[in-house]
Amino acid sequence: MEHTDGVRHQAAGHVPTAGAGLDRRQFLVRGGAVAGGAVIAAGLAPAAAGAQARRPGGVRTVSRAPAARGGWYRPNRAPLGPTAFSKLPPGSVTPGGWIRGQLDLQRNGLNGRMYEISDYLVYDNCGWVDSSKWAWEELPYWLRGFSDLGIVTGDGQIQDLAHHWIDGILASQQPDGWFGPQAMRTSLDGGPDFWPSMPLLDMLRSHADATGDERVAPFMTAFFGFMSQQPDSVFGLSWASFRWGDDIDSIYWLYNRTGDSSLLDLVNRIHQNSANYVGNIPTWHNVNLAQGIREPAEYGLLAGDPKYQQATYQDYATVMNTYGQFSGGGFAADENARPGFYDPRQGFETCGIVELMRTCEMLTRITGDAVWTDRCEELAFNMLPAAFDPDQLGTHYLTCANSVYLGNADTSPDFDDGGPRQAYRPGIHVYRCCPHNYSQGWPYYSEEMWLATPDGGLCASMYGQSQVRAKAGSSGALVTITEDTGYPFADTVTLTVRCSGTLSFPLWLRIPGWCPNASVRVNHQPVPGGPAGSYVVIDQDWSDGDTVAVRLPMTTTTQSWPANHDSVSVRRGPLTYSLAIGENYAGYTGSSGNFVTDPAWPHHEVHPTTDWNYGLDLDPADASHVIDVTGSGGPVPANPFTQADVPITMRAPVRKIPNWQADDKNVVRHLQSSPVRSAGPAKRAALIPMGAARLRITSFPLIGRNGQGHEWEAPSASTVWQSDLLDAVNDGLEPQSSYDQNMPRLTFWSDVSTAEWVQYDYAQPVTTSSAAVYWYDDTGHGSTRVPQSWQLLYLDNGMWTPVPGASAYGTAVNSWNTVTFGPVQTTAVRMNVLLQPNYSAGILEWQVHQA
């Protein structure tokens with residue numbers, strides 16, 4: 001959740017180290033997914049800034065679209081560097097099929113009717129049209145997506161309401177260029193808060209490009225003039241400091257229309273005085289990161305140095321290699337990314353999903369690298385739909401790769417931000433940002449499905465049922481291309497060209513990074529395809545009715561995650577598949593802002609009705625042969641992201657892991673190391689697309705072959721301090737010291753001078769002859785010390801019995817304390833701990849070594 005103080009939830013900057021227990025292999029791969037784990041590319045060389053558009057004709061393949069000047073849609077004016085693609089004016093692309101279905105849910109759901117329930121959207125009481133009133137980010141967030149929703153759907157009622165707000169905002173500008181609440185001029189240390197205006201400038205740009213409204217450019221010129229008069233210090237304040245990439249993009253938009261060089265001076269001041277993302281991660285707040293990592297690449301268009309584009313790739317790699325080690329495209333940051341909290345049970349904020357999608361869309365255009373398009377699709381198909389209830393009448397703050405209960409309860413410290421964060425609700429005052437901000441997701445995605453190219457062509461960038469109408473060729477004649485496809489639920493895309501007479505232009509086709517065997521036919525005749533992660537460019541004379549068929553064969557694969565206990569996820573094309581868990585939507589009483597709760601706006605918890613604690617019982621190398629696929633090929637329903645209407649399901653071999661349970665807050669307990677031993681019967685379980693699974697297991701433990709593997713430990717303890725985690729004792733992280741603050745811990749606080757215990761239970765007997773504990777000790781900071789003494793016991797015929805022949809029970813700090821003993825076979829091991837007088841004690845990690 002975003003807070004107006006800009007301080008409370010700003011995580012202290014930190015750079016994760018190898019001590020966090022992660023696989024830190026230093027090698028680079030293009031695109032981010034490799035066999036054996038997801039390691040994100042950090043070293044892709046930016047395209048040469050001086051590349052020129054060329055028209056060689058015929059069919060060619062390019063690994064990366066070159067940046068060049070040219071085309072019909074306002075290429076960058078010098079000295080700004082060229083980009084590989086240009087965005088078409090909003091309204092050029094008309095989405096259809098299931099994408100239109102998502103937009104219709106948005107129109108009839110939370111975003112399209114937000115004004116019914118959000119008191120931030122009362123026109124006469126809003127500081128964005130009456131500067132004497134207060135307002136902040138909520139109206140800008142909502143109007144940004146709402147206005148573009150009206151444009152891409154052609155909904156006249158939405159357009160009229162958006163224009164009413166736009167008229168009021170434009171009319172509210174003060175003589176010095178400021179617009180918005182007067183109180184916000186001095187709300188940050190006596191200076192202006194520029195953050196909330198950024199989404200409104202995005203919206204005004206879209207509006208101007210779609211309608212030709214000539215008021216927008218002078219309005220923005222005056223506002224940036226006001227901004228230029230401010231001292232350098234304002235660029236480093238609060239949320240804006242981490243999000244200036246938003247305004248840099250708006251300033252470039254204005255410069256390309258006016259040529260005012262003072263705007264570029266402003267960009268230099270912004271970059272030099274705001275948060276530094278070049279070789280540095282200045283914040284670990286998830287939305288700041290989702291927006292901020294694009295800033296170096298944006299600034300690089302002005303600076304002309306490839307190091308800036310490279311910095312964006314490196315920032316993404318740093319974040320995802322540490323916190324993004326699970327499927328879905330997001331990263332573990334349930335408010336802030338925190339050292340030690342890497343498990344797929346951690347959440348990604350809805351704001352983070354849509355902002356990272358937008359970053360990927362922008363970087364596709366800047367870099368010409370299809371890897372960013374792949375990443376946008378992964379977020380859009382796998383995380384975004386599940387952030388809402390099936391009717392899109394409510395959202396939740398956090399979407400997790402592994403989540404087995406969506407409850408209306410405080411889940412801290414499992415999640416960073418206190419309060420209920422997973423039940424579905426309008427959430428107007430509970431989340432504030434996400435219900436208003438999510439609206440940009442599908443409209444912006446729709447607009448970016450087709451892009452303009454510098455050589456006068458068009459690029460089919462993100463596939464989906466749609467129609468594009470745009471200028472192309474040397475004459476800029478209008479061409480219409482209709483795209484028929486069930487992608488990503490089907491593997492064939494058919495494009496039909498409609499034009500007057502013959503029109504020569506290049507048609508660019510993206511080949512996704514997951515697809516090594518794409519094929520292309522023009523008018524039913526095969527043409528050379530391209531490798532995964534490339535573009536096929538067909539440059540020819542097009543006639544009315546010409547067709548292009550692109551086939552993107554999808555195979556079932558598994559992806560291993562070494563940095564998350566060697567867990568495994570299942571993929572088919574761009575879709576990740578999750579365990580289908582029975583869902584019971586249970587209503588609860590709630591309120592929506594200051595409005596009376598209406599039954600039309602339900603509040604829902606989602607409870608599981610079937611078992612979920614399964615591991616995959618397969619050889620990952622043989623997944624395509626043992627996982628059955630049902631569906632595909634038929635019509636895709638308007639909303640394919642419900643359990644009832646998923647077009648494709650799978651059935652995979654699984655076995656139950658009885659000791660894998662949820663914690664006392666109904667949050668799924670963290671993963672443990674694979675392979676896992678299971679005595680449960682083999683069965684086949686249904687898997688469905690992740691975006692259709694509101695409850696899900698997406699990162700699976702892998703069952704050991706032939707009875708081999710680790711027996712799952714179920715921890716329990718006599719006392720766990722309320723801000724600690726029971727799971728900390730066996731989360732597999734490696735402490736760096738006894739006062740390691742970069743990993744979770746268990747302490748017995750506020751118990752002092754007492755006898756305590758920690759215990760592991762096993763579903764099947766294990767044999768062990770050694771154990772090790774790493775004590776937590778905060779000497780100099782608090783009242784937790786190593787214990788006075790401790791002892792290991794095992795369950796023997798129902799009795800707790802000391803392990804035989806134990807070596808010394810150590811209490812050293814900053815090291816493992818290992819005890820060896822005679823082999824025992826048992827279903828439970830307990831550590832009895834006697835605390836020092838007047839002190840508590842704590843554990844960072846406890847290992848019982850299984851034979």
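Helices here are DSSP runs of H or I with at least four residues, strands are E runs with at least two, and both are numbered from the N terminus. D189 is found in the loop between helix 3 and helix 4.

Before going on, the basis. This is a predicted model, where local features need pLDDT of at least 70 and side-chain atom pairs count only at pLDDT 80 or more, while totals for chains, interfaces and linings use all residues. Residues are numbered from 1 along each chain as its sequence is written, and side-chain values use heavy atoms, with hydrogens and water left out.

Back to D189. This residue is not a glycine, yet its phi is positive, about 50°. D189 is exposed, with a relative accessible area of 76%; exposed means over 50%, buried under 20%, and partly exposed in between, using a 1.4 Å probe and protein chains only.

Now the helices on either side of that loop. Axes are lines fitted to C-alpha atoms, for helices over the stretch in contact, and angles between N-to-C directions run from 0 to 180 degrees. The classes are roughly parallel under 35 degrees, roughly antiparallel over 145, roughly perpendicular from 65 to 115, and oblique for the rest.

Which residues of helix 3 and helix 4 make the contact? From helix 3 they are H163, I166, I169 and L170, and from helix 4 L200, M203, L204, H207 and T211. Contact means heavy atoms within 4.5 Å. By class, this contact of helix 3 with helix 4 has six nonpolar, three polar and no charged residues. Nonpolar covers Ala, Val, Leu, Ile, Met, Phe, Trp, Tyr, Cys and Pro; charged covers Asp, Glu, Lys and Arg; the others, Gly among them, are polar.

Helix 4 also meets helix 2, residues 138–153; the two axes come within 8 Å and cross at roughly 20°. That makes helix 2 roughly parallel to helix 4. Among the residues that meet are L139, Y141 and R144 in helix 2, and P199, D202 and M203 in helix 4. The contact of helix 2 with helix 4 divides into nine nonpolar, two polar and three charged residues.

Last, some backbone points. The loop between strand 1 and strand 2 holds R74, which has a positive phi of about 50° without being a glycine. P79 is found in the loop between strand 1 and strand 2, and a cis peptide bond with omega about 10° joins A78 to P79.
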